[in-house]
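Q: I would like to learn how to read side-chain contacts in a model. Could we go through them step by step?

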Amino acid sequence: MNTPSRTSLTSAQRDVLEAKIGTAAKLYLDARASQLSPAVSRRLSEGRRLALVQMNARPAQSTVVNRGGTLAQSGGFTDRITDPTFWGAGLLVAMALALYGGMHWEQNKRAADAAEADMEILSSDVPMDVYFDKGFKTWLTSGDK
């Protein structure tokens, strides 16, 4: 039997298909429930009651419902937090940013050190009177150094 792929179903078709599956499952479970022993029925009933009590005792969580959206398709944000791939990708991005920042900082430090060295050379070797000489600027810009 050819079943359409999940991505080719429209929202209405998906709802109808889910309703049919739910109805078939209900009929099957109802037919089998009548065959259970009273002890098993009591245990199932008690388990369901405990599950409902625990579910109602938990604080309500806000969820993002976006049928077919990114969060719905990926399992939501809470599933991502426990995914090791999520943390691995985050660590990789953090390492790349740290490497880039370190290289950028080192480059700026070298430029500042070179500027400081140039300033020391200029201030120590040249007498102060030269800076006020009109020909000094011409000598700096000319290629006759």
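A: Let us begin with a term that we shall need: a helix here is a DSSP run of H or I with at least four residues, and helices are numbered from the N terminus. Please keep in mind that this is a predicted model.

Q: What is the general idea behind a salt bridge, and how many salt bridges are there here?

A: Side chains of opposite charge can pair when their charged atoms come close. The cut-off used is a side-chain nitrogen of Lys or Arg within 4 Å of a carboxyl oxygen of Asp or Glu, and by this rule the structure has 4 salt bridges.

Q: Which residue forms a salt bridge with K26, and how are the two placed along helix 1?

A: The partner of K26 is D30, and their closest N and O atoms are 2.9 Å apart. Both residues belong to helix 1, which covers residues 11–33, and because they are 4 residues apart in it, about one helical turn separates them.

Q: What is the N to O distance between R110 and E106?

A: For this salt bridge the distance is 3.8 Å, which can be read against the cut-off of 4 Å. R110 and E106 are 4 residues apart in helix 5, residues 84–125, so about one helical turn lies between them. R110 counts as exposed, at 56% relative accessibility, while E106, with a relative accessible area of 31%, is partly exposed.

Q: How should I read an aromatic pair, and how many does the structure hold?

A: A pair of aromatic rings is described by the distance of the centres and the angle of the planes. The structure holds 1 aromatic pair, formed by F86 and W87, with 5.5 Å centre to centre and 80° between the planes. Because planes over 60 degrees apart count as edge-to-face, the pair of F86 and W87 is edge-to-face. F86 is partly exposed, with a relative accessible area of 35%, and W87 counts as exposed at 52% relative accessibility.

Note on methods:
Residues are numbered from 1 along each chain as its sequence is written. This is a predicted model: local features need pLDDT of at least 70, side-chain atom pairs count only at pLDDT 80 or more; totals for chains, interfaces and linings use all residues. Side-chain values use heavy atoms; hydrogens and water are left out. Rings of Phe, Tyr and Trp (its six-membered ring) pair if their centres lie within 6.5 Å; planes under 30 degrees apart count as stacked, over 60 as edge-to-face and the rest as tilted. Buried means under 20% relative accessible area, exposed over 50%, partly exposed in between (1.4 Å probe, protein chains only).
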